[in-house]
Amino acid sequence: MKATKVKSASNTYHVYVGENIRYDLISYLPKDYSSIFIITDDIVAKYYLEEIKKCLSHKHVYSSIIPYGEKSKSINTFYQLHTDAIEFGLDRQSLIIALGGGVVGDIAGFVAATYMRGVDYIQMPTTILAHDSSVGGKVAINHEQGKNLIGNFYPPAAVVYDVQTLQTLNEKEVRSGYAELIKEALIQDDAFFQALLASDLSSLTNDVLTNQLNRGIEIKASIVEEDERESGVRKYLNLGHTLSHALESILGYGVRTHGEMVAIGLLFAIRVSEKVFSVKLPYNQLLKWLNLNEYPIQLTNINKQHVLNRMKLDKKTVNTTIQMVLLKDIAQPVVVEIGDEDLLTYLDSFLKELENNVN
């Protein structure tokens with residue numbers, strides 16, 4: 001079991017990664033709590049909710065189950081979870097546990113940040129994708145006009161990441177998580193990027209998965225420690241996300257996974273980087289790997305003006321000018337302002353490439 005320390009402005013917490021560590025959950029709680037409220041989704045609950053409750057059997061433990069998927073990151077679900085917390089009698093000495101993937105982590109964390117002006121919460125990721133979202137304290141819900149537009153920076157009290165829970169993931173969720181690992185490698189570690197491209201997602205061992213997750217977490221932790229509130233280098237973690245968030249809102253949240261959309265966004269960011277900086281980047285290498293691992297990157301009938309309008313809702317946009325994270329080279333990210341006309345040209349060319357992509 002490995003523990004990575006993450007320092008934030010409000011607290012220092014540990015990210016624990018190992019096999020079957022969920023059974024020893026009580027030892028990872030940073031203090032004694034008056035009650036514990038577990039928030040999970042209807043898929044994860046079937047596998048792990050009861051056993052987590054048993055690990056906490058001597059506590060006052062409550063739970064709420066939300067529908068699986070991105071659509072649960074809504075104001076209605078957020079309000080209902082607050083109602084549940086009130087009815088369960090949670091107080092300021094209570095703990096919220098986010099048991100699930102990125103959606104559960106985001107909404108449970110936002111409930112924790114806002115319930116009675118803030119209570120402790122622990123992230124218990126059960127997906128590969130959540131290795132990214134569980135570290136760094138960004139919590140949010142979606143607005144119908146854009147993703148994660150309502151939220152806060154609120155670090156967890158701990159992250160308890162049992163990689164054994166990843167064995168129940170389907171291929172779609174594995175793909176989704178690895179897109180974020182690719183992103184982390186692109187912004188900081190070329191050797192890690194090459195190692196990921198040598199990985200076959202259909203035959204990952206627990207050792208390989210654990211090592212790659214730990215490296216991704218180390219990269220994420222190093223960045224959020226330097227820039228907790230995304231005023232500088234933390235923006236680099238949005239590589240690929242300006243387009244992916246726009247596509248998610250256009251296609252409908254949950255139609256494709258977040259990571260599948262990020263994969264498309266990474267390709268676009270690399271293509272734009274090549275044009276802006278007149279460099280050669282591993283676009284074809286990444287495209288080949290995505291195709292080999294059956295990422296659904298083909299897009300048809302996407303209106304580029306509609307995409308541009310949604311991209312303008314990105315949180316990095318300043319005075320309606322889109323700012324994209326680009327790469328001068330692998331591990332050399334920068335934030336660049338891109339005008340509408342140029343972006344429409346890049347989108348037109350890129351969307352045509354995706355229409356013609358055949359695995």
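This is a predicted model: local features need pLDDT of at least 70, side-chain atom pairs count only at pLDDT 80 or more; totals for chains, interfaces and linings use all residues.
Local features need pLDDT of at least 70 and side-chain atom pairs pLDDT 80 or more, while totals for chains, interfaces and linings use all residues. Residues are numbered from 1 along each chain as its sequence is written, and side-chain values use heavy atoms, without hydrogens and water.

Student: Which residues of helix 6 are buried?

Tutor: Helices are DSSP runs (H or I, at least four residues), numbered from the N terminus. Buried means under 20% relative accessible area, with a 1.4 Å probe and protein chains only. In helix 6, residues 190-197, the buried ones are F192, F193, L196 and L197.

Student: How many residues apart are K183 and D132?

Tutor: Their side chains form a salt bridge at 3.2 Å, N to O; the term requires a side-chain nitrogen of Lys or Arg within 4 Å of a carboxyl oxygen of Asp or Glu. K183 is in helix 5 and D132 in helix 4 (residues 130-133), so the pair links distant parts of the chain. The separation is 51 residues.

Student: What is the relative accessible area of E260, the salt-bridge partner of R175?

Tutor: The side chains of R175 and E260 meet at 3.1 Å, N to O. R175 counts as buried at 10% relative accessibility. E260 is also buried, and its value is 0%.

Key:
Buried means under 20% relative accessible area, exposed over 50%, partly exposed in between (1.4 Å probe, protein chains only). Helices (H or I, at least four residues) and strands (E, at least two) are DSSP runs, numbered from the N terminus.
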